[in-house]
Amino acid sequence: MADQNQELRKAGLKVTLPRVKILQMLEASDQRHLSAEDVYKQLMEADEDVGLATVYRVLTQFETAGLVERHNFDGGHSVFELDRGDHHDHMVCVETGKVIEFHNDEIEKLQVAIAEKHGYDITGHSLVLYVKPKA
């Protein structure tokens, strides 16, 4: 719990029990991409008394503070992942909703080259591939 307290303070957030519990849940989850409803269900299963509105509010505060990233993939609701400072892109299975992370140096170089060709520097990007299992 001391680690979560320190992370919250470093992000400029007051340490509260709901914030600590939600941060612990995100860090301990097998899934890296969780919706607010997923977090809420896991808290309920753990017998934690944190309401859904509080979960939404805390996740939004975490996003503003840079602790989590919000993704709005097509056809779904927002999912959140801890911002670990490493860049990666995503594939989303259109049949199951599963999110797969990947990093590819060739794609990264190509994006820089395309931006430069048009007279720009990349300040950030998000690449999402929508996929389905091969038949």
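Is Glu81 buried or exposed, and what is its relative accessible area? In this predicted model, Glu81 is buried, with a relative accessible area of 1%.

1. Glu81 and its partners. The side chain of Glu81 meets that of Arg32 in a salt bridge, at 3.2 Å from N to O. This pair links distant parts of the chain: Arg32 lies in the loop between H2 and H3, Glu81 in strand S2, and 49 residues separate them. Arg32 has 29% relative accessibility and counts as partly exposed. A network of salt bridges links Arg32, Glu81 and Glu101.

2. Lys21 and Glu48. A search of the whole structure finds 4 salt bridges. One of them joins the side chains of Lys21 and Glu48 (3.2 Å, N to O). Lys21 belongs to helix H2 and Glu48 to the loop between H3 and H4, 27 residues apart. Because buried means under 20% relative accessible area, Lys21 counts as buried at 19%, whereas Glu48, at 24%, counts as partly exposed.

3. Glu63 and Arg70. These residues also form a salt bridge, their closest N and O atoms being 2.9 Å apart. Glu63 is partly exposed, with a relative accessible area of 30%; for Arg70 the value is 30%, and this residue is partly exposed.

4. Helix H4. This helix spans residues 52-65 and reaches 20 Å from its first C-alpha to its last, close to the 20 Å expected. Thr54, Val55, Val58, Leu59 and Phe62 are its buried residues. Seen down the axis, they fall within an arc of 130°, so they line one face of H4. The face turned away from this buried side carries the exposed residues Ala53 and Thr64. Just after H4, Gly66 takes a positive phi of about 85°.

5. The buried residues of H4 pack against helices H1, H2 and H3 and strands S1 and S2. Leu59 touches Ile22, Leu26, Ala36, Val39, Val68 and Phe80, leaving aside residues up to four places away in sequence. The largest nonpolar core has 20 residues, and Leu59 is among those with the most contacts inside it, as are Ile22, Leu26, Val39, Val55 and Phe62. H2, H3, H4 and S2 each supply at least two residues of this core, and its largest share, 5 residues, comes from H2.

6. Helix H2. With 12 residues, H2 reaches 16 Å between its first and last C-alpha, close to the 16 Å expected. Its buried residues include Arg19, Lys21, Ile22 and Leu26. The buried residues of H2 pack against H1, H3, H4, S1 and S2.

Notes:
Residues are numbered from 1 along each chain as its sequence is written. This is a predicted model: local features need pLDDT of at least 70, side-chain atom pairs count only at pLDDT 80 or more; totals for chains, interfaces and linings use all residues. Side-chain values use heavy atoms; hydrogens and water are left out. Helices (H or I, at least four residues) and strands (E, at least two) are DSSP runs, numbered from the N terminus. The expected span of a helix is 1.5 Å times one less than its number of residues. Buried means under 20% relative accessible area, exposed over 50%, partly exposed in between (1.4 Å probe, protein chains only). The arc is that of the directions from the helix axis to the C-beta atoms. Contact means heavy atoms within 4.5 Å. A nonpolar core is a set of buried Ala, Val, Leu, Ile, Met, Phe, Trp, Tyr and Cys residues joined through side-chain atoms within 4.5 Å.
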